[in-house]
Amino acid sequence: AKEGAGDYEDEGEAQDEAVTFQRPQNTRTIEIEHFLPAGQIDARYFEKPYYILPGEEISQESFAVIRDAMSREAVSGLARIVLSSRERPFLLEPMGRGLRGVTLRFAHEVRNDSDYFSEIPEMKLPPEMTKLAQHIIRTKSADFDPNMLEDHYRSALVRILRKKQAKRPAKIPP
């Protein structure tokens, strides 16, 4: 009987903790905790981008001062924000007249690459194969253009819908 009573007390304590735990509140402010050299965070941590702008006229000057200082110092800001009642790490970087923010994955959410790549053997490659690969890379090299990220499925669907729409007789109002 004592074991059951002990389990019940533990459950009661867990329930008390759950009741006293408060969800983080979204204050719509971003407090930068650290400044890091720009480009230092590995892209594996990136989750979702946002455009950040000042919320009120009063804050525009402060916003511009921190943005310009970050740009001059070539740093990014590491902060915490609340989204959907959950605290998230957040990276801030100067972008034009505003800031770009990116939610980051927590450290435990990013898997170690050695867990995957350790099985790949090191190989001595023939120089002619390496030269051929370099030639292919040079011939296909280009600067990034967002149009390279075309959604082919969506584009094909839009073409089909436009063709169907063109075939429909025009509705003439009575």
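Student: Which side chains does the polar contact of 2.5 Å join?
Tutor: The side chains of E93 and R100. Keep in mind that this is a predicted model.

Student: Where is E93, and what else does E93 touch?
Tutor: E93 sits in strand β4. Not counting residues up to four places away in sequence, E93 touches G39, M70, S76, G98, L99 and R100.

Student: Is E93 buried or exposed?
Tutor: E93 is buried, because its relative accessible area is 15% and the cut-off for buried is under 20%.

Student: How confident is the prediction overall, in pLDDT?
Tutor: The average pLDDT is 85, and 83% of the residues score at least 70.

Student: What about the elements, how many helices and strands?
Tutor: The protein has 5 helices and 5 strands. From the N terminus the elements run α-β-β-α-β-β-β-α-α-α.

Student: And in what order do the strands sit in the sheet?
Tutor: The order is β1-β3-β4-β5-β2, in an open sheet with antiparallel pairing. β1 (31-37) and β2 stand at the edges with a single partner strand each, so one side of each has no neighbour in the sheet. From one strand to the next the twist averages 30 degrees.

Student: How many bridges join β1 to β3?
Tutor: 6 bridges, with the two strands running antiparallel. As one example, I32 has A79 in β3 as its bridge partner.

Student: Which helix lies across the strands?
Tutor: α2 lies across β1, β2, β3, β4 and β5 (98-104), and runs at about 70 degrees to β4.

Student: Which residues make up the largest nonpolar core?
Tutor: There are 8 residues: I52, F63, M70, V75, I81, F90, L92 and L99. At least two residues of this core come from each of α2 (60-73), β3 (75-83) and β4 (86-95). In soluble globular proteins, nonpolar side chains tend to be buried together.

Student: Moving on to P54. Where is that one, and which residues is P54 in contact with?
Tutor: P54 is in the loop between β2 (46-52) and α2. Apart from neighbours within four places in sequence, P54 is in contact with S59, Q60 and F63. The C-alpha atoms of P54 and A64 are separated by 8.7 Å, and these residues are 10 apart along the chain.

Student: What is the relative accessible area of P54?
Tutor: P54 has 22%, so P54 counts as partly exposed.

Student: What is the phi of A74?
Tutor: A74 has a positive phi of about 55 degrees, although A74 is not a glycine. Most residues other than glycine have a negative phi. A74 is in the loop between α2 and β3, and is partly exposed with a relative accessible area of 44%.

Student: Last one. What share of the 174 residues is buried?
Tutor: Buried residues make up 15%. As for contacts with a separation of 6 or more, residues 24 or more positions apart account for 63% of them.

Note on methods. Residues numbered from 1 in each chain as written. Predicted model: local features only at pLDDT ≥ 70, side-chain atom pairs only at ≥ 80, totals over all residues. Heavy atoms only, no water. Core = buried A, V, L, I, M, F, W, Y, C linked by side-chain atoms within 4.5 Å. Buried < 20%, exposed > 50% of the residue type's maximum accessible area, 1.4 Å probe, protein only. Helix = DSSP H or I, 4+ residues; strand = E, 2+ residues; numbered from the N terminus. Contact = heavy atoms within 4.5 Å. Polar contact = N/O pair within 3.5 Å; in protein donor to acceptor, adjacent residues only side chain to side chain. Pairing = 2+ DSSP bridges. Axes fitted to C-alpha atoms, helices over the stretch in contact; angles between N-to-C directions. pLDDT = per-residue confidence, 0-100.
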